[in-house]
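Colleague: I've got a new model open and I'd like to learn how to read it. Could you walk me through it?

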Amino acid sequence: MIEVKNLEKSFGEQKVLNDVSLVCPNGEITGIIGHNGSGKTVLFKCICGLLFEDSGEILIDGKRYKSGGELIKNAGIIIKNPAFLESESGINNLKYLFEIRNKKNMELLHEIMRMVGLDPESKKKVKNFSLGMKQRLALGVALLGEPEFLILDEPVNGLDPTGIIELRELLKKLVKEREVTILISSHILSELHQL
């Protein structure tokens, strides 16, 4: 479970998070809705350990977690414009990241590519991917290592209607079959409602 209590974060004089609290129960999808610039990404960066909060606390499975000091463990994360090796194929991007963890299982990587709707046999370089294909690849990266948590900041950006439906079904499947805890943000209320 992810729990946020009375989180506050400012940048200079601008208060971005003001007394934010939320609970993400294990094995469920929790949605955060807000317009662009409302602080969703800052909240997610604090939860993931990429920013220090000014005050408040973050609990992961009941244990206090100090953001900004270390990355959340056992989590797949998509936060704004993920970086890829643009001159490599999608499968090679996954392979290199997987090998950093001293893991080699091409069958699993192919399965992940198919799960997110990409062709594992394609030699197409990521620099030639559409925005939607890059979002799919980012989700594939987030699924490496079979995480307990998925923290997804606006993951439907760039996806066409079919891609949005496929992502929705994949997330529901991960919750049902693997009891993954998902925290997801969007500025599209109807999409979060359907999830």
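Predicted model: local features only at pLDDT ≥ 70, side-chain atom pairs only at ≥ 80, totals over all residues.

Colleague: How many helices and strands does the protein chain have?

Modeller: Helices (H or I, at least four residues) and strands (E, at least two) are DSSP runs, numbered from the N terminus. Here the protein chain has six helices and eight strands. Reading from the N terminus, the order is β-β-β-α-β-β-β-α-α-α-β-α-β-α.

Colleague: What does the radius of gyration say about the protein chain?

Modeller: You take it over C-alpha atoms and compare it with a globule rule, 2.2 Å times the number of residues to the power 0.38. For 195 residues a compact globule would come out near 16 Å, and the protein chain's 17 Å agrees with that. The C-alpha trace spans about 50 × 35 × 35 Å along its principal axes.

Colleague: And what share of the residues is buried?

Modeller: Buried means under 20% relative accessible area, exposed over 50%, and partly exposed in between (1.4 Å probe, protein chains only). Buried residues are 44% of the 195 in the protein chain.

Colleague: Let's zoom in. Where does Thr-181 lie, and is Thr-181 buried or exposed?

Modeller: Thr-181 lies in strand 8, residues 181–186. Its relative accessibility is 2%, so Thr-181 counts as buried.

Colleague: Which residues does Thr-181 touch?

Modeller: A contact means heavy atoms within 4.5 Å. Leaving out residues up to four places away in sequence, Thr-181 touches Cys-24, Pro-25, Asn-26, Gly-27, Glu-28, Glu-148, Phe-149 and Leu-150. With Gly-27, a polar atom of the Thr-181 side chain lies 2.9 Å from the Gly-27 backbone nitrogen.

Colleague: What about Met-133: which helix is Met-133 in, and what does Met-133 touch?

Modeller: Met-133 sits in helix 4, residues 131–143. Met-133 has a relative accessible area of 23%, so it is partly exposed. Not counting residues up to four places away in sequence, Met-133 touches Leu-118 and Lys-124. The C-alpha atoms of Met-133 and Leu-159 are separated by 7.7 Å, with the two residues 26 apart along the chain.

Technical notes
Residues numbered from 1 in each chain as written. Heavy atoms only, no water. Polar contact = N/O pair within 3.5 Å; in protein donor to acceptor, adjacent residues only side chain to side chain.
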